[in-house]
Amino acid sequence: MDFFKENAPAGPDSWEKLLADCGGCMKCELGRTRHNLVFGVGSRTADVMFIGEGPGEQEDLKGEPFVGPAGKLLDVMLELIGLDRTQVYIANIVKCRPPRNRDPLPDEQAACIGWLERQIDLVQPKILVFLGRIAAMAFIKPDFRITKEHGQWFDVQGRRAMAMYHPSALLRDPSKRPETFVDMKTLRQEIDSLYD
Ligand code: SF4
């Protein structure tokens with residue numbers, strides 16, 4: 001997506017440069033109400049990167065993605081396929097909490113997503129997993145239908161990519177969990193195929 005280029009560094013990028021550039025970001029209104037910027041967490045050499053839409057209350061307070069109830073469920077989902085959060089990288093489309101956990105607005109996404117793009121460039125994951133509709137719409141296609149297209153593989157910037165329900169959606173509607181179990185198994189197969 002072209003708006004990623006807005007945040008492209010002039011020279012070779014590094015985690016130090018990215019953290020310095022992003023750390024005090026006030027490029028959109030969400031910066032005014034945050035307690036903490038929620039940068040991202042996990043292995044900087046992960047093969048798999050999980051991308052959600054934005055921090056919630058607990059994440060905002062702790063400065064870490066997926067640490068509330070949805071984060072605990074994500075941990076369970078990872079455990080199902082023999083992973084934990086130290087083996088993957090986890091980040092969000094926007095790094096500051098939208099008020100009352102509303103969806104991040106298009107201009108907020110556009111302002112922020114370049115930071116995430118730089119994280120992807122540094123991690124170089126082989127597989128991208130988008131958690132929820134908002135992240136899938138930003139990266140896979142604007143008309144992405146999470147109910148119909150979760151668990152399917154797409155190509156995103158030359159990487160294997162799939163979307164699954166956001167853990168918050170699974171907390172609200174546990175009837176969706178069996179579908180996500182299947183999606184996680186599909187992800188495990190794809191990870192295994194990396195090493196065949
Ligand atoms: S949401 Fe992103 S662009 Fe907006 S202030 Fe926070 S870090 Fe900056």
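Helix α4 (residues 69–80) has 12 residues, which at 1.5 Å a residue should span 16 Å; the end C-alpha atoms of α4 are 17 Å apart, which agrees. The expected span of a helix is 1.5 Å times one less than its number of residues. Helices (H or I, at least four residues) and strands (E, at least two) are DSSP runs, numbered from the N terminus.

This is a predicted model, in which local features need pLDDT of at least 70 and side-chain atom pairs count only at pLDDT 80 or more, while totals for chains, interfaces and linings use all residues. Residues are numbered from 1 along each chain as its sequence is written.

Within α4, the residues Ala 70, Gly 71, Leu 74, Met 77 and Leu 78 are buried. They cover an arc of only 110° around the axis, which puts them on the same side of α4; the arc is that of the directions from the helix axis to the C-beta atoms. An α-helix has 3.6 residues a turn, so residues three or four places apart point the same way. A residue is buried if 20 or more other C-beta atoms, placed from the backbone, lie within 10 Å of its own. The cover over the buried residues of α4 includes α8 (167–172) and α9 (177–194). Just after α4, Gly 82 has a positive phi of about 75°.

Asp 60 belongs to helix α3 (residues 57–62). Asp 60 is buried, with 23 other C-beta atoms within 10 Å. Leaving aside residues up to four places away in sequence, Asp 60 touches Arg 34, His 35, Asn 36, Val 38, Pro 55 and Arg 97; two residues are in contact if their C-beta atoms, placed from the backbone, lie within 7 Å.

An open sheet of 6 strands runs in the order β1-β3-β2-β4-β6-β5, with mixed pairing. Its edge strands are β1 (41–42) and β5 (154–156), each pairing on one side only. Two strands pair if DSSP finds at least two bridges between them. Strand β2 (residues 48–52) and strand β3 (residues 89–92) pair in the parallel sense over 4 bridges. Met 49 has Tyr 89 in β3 as its bridge partner.

The ligand has 13 residues around it, and Cys 25, Cys 28, Gly 31, Cys 96 and Cys 112 come nearest. A residue is near a molecule if its C-beta atom, placed from the backbone, lies within 6 Å of it. α5 gives the most to this shell, with 3 residues. The table lists the shell by class.

| Class (members) | Residues in the shell |
|---|---|
| Nonpolar (Ala, Val, Leu, Ile, Met, Phe, Trp, Tyr, Cys, Pro) | 9 residues |
| Polar (the others, Gly among them) | 1 residue |

Notes
A residue is buried if 20 or more other C-beta atoms lie within 10 Å of its own, exposed if 12 or fewer, and partly exposed in between; C-beta atoms are placed from the backbone.
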